Amino acid sequence: MTSYSNTPQDIVQAQLDAYNAKDIDALLLTYAPDAEQYALHGELLARGHAQMRPRFLTRFAEPDLHARLLNRTVMANLVIDYELITRNFPDGVGTMEMLCVYEVAHGLIQKASFAPGEIRMNILS
């Protein structure tokens, strides 16, 4: 993360860049070692790098994976991203809306919550 400052927005952008590069080590550098990931207002998805790594690596195996930032709101240490994620679903390539809420402290993501939206399958013509 040498090209980024420690602002919450920069940390989250570094995380998004690492996600799109499928660089697990760079991505985990943006998270606190004991960071937590949740379904928004719901269950704990992962706690700590040891649980996050396999979740991300499974997603990184998708050849068409890409997150496109549509909107970002920053309020103090909270960063809320609205993204359009291209994924490889069992029925083919499609997109899914995603709302991501990141809480950043001490230069690292401490908590992240995700709310998936509508899935749209790509139609081949």
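**Rings and a pocket**

Biologist: Is Phe60 buried or exposed?
Modeller: Phe60 has a relative accessible area of 8%. Buried means under 20%, exposed over 50% and partly exposed in between, using a 1.4 Å probe and protein chains only. This is a predicted model, where local features need pLDDT of at least 70, side-chain atom pairs count only at pLDDT 80 or more, and totals for chains, interfaces and linings use all residues. With its 8%, Phe60 is therefore buried.

Biologist: How are the rings of Tyr19 and Phe60 arranged?
Modeller: Residues are numbered from 1 along each chain as its sequence is written, and side-chain values use heavy atoms, leaving out hydrogens and water. Rings of Phe, Tyr and Trp (its six-membered ring) pair if their centres lie within 6.5 Å, and planes under 30 degrees apart are stacked, over 60 edge-to-face, the rest tilted; that rule gives five aromatic pairs. The centres of Tyr19 and Phe60 are 5.7 Å apart and the planes sit at 75°, so this pair is edge-to-face.

Biologist: How many residues apart in sequence are the parts tied together by Tyr19 and Phe60?
Modeller: Helices are DSSP runs of H or I with at least four residues, and strands are runs of E with at least two, numbered from the N terminus. Tyr19 lies in helix 1 and Phe60 in helix 3, so the parts this pair ties together are separated in sequence by 41 residues.

Biologist: What kind of pair do Tyr31 and Phe56 make?
Modeller: Tyr31 is in strand 1 and Phe56 in helix 3, 25 residues apart. Tyr31 is buried at 1%, and Phe56 is buried at 9%. Their ring centres are 6.2 Å apart with planes at 50°, so the pair is tilted.

Biologist: Which residues are the closest to the centre of the largest pocket?
Modeller: On a 1 Å grid over the protein atoms alone, a pocket is an open set of points where a 1.4 Å probe fits, with protein on both sides within 12 Å along at least five of seven lines; lining residues have an atom within 4 Å of a point. The volume, the space filled by probe spheres set on points joined across faces, edges and corners, is about 430 Å³ for the largest pocket. Of its 20 lining residues, the closest to the centre are Tyr19, Arg55, Arg59, Met98 and Phe114.

Biologist: Which element gives the largest share of that lining?
Modeller: Elements that give two or more residues include helix 1, helix 3 and strand 5. The largest share is four residues, and it comes from strand 5.
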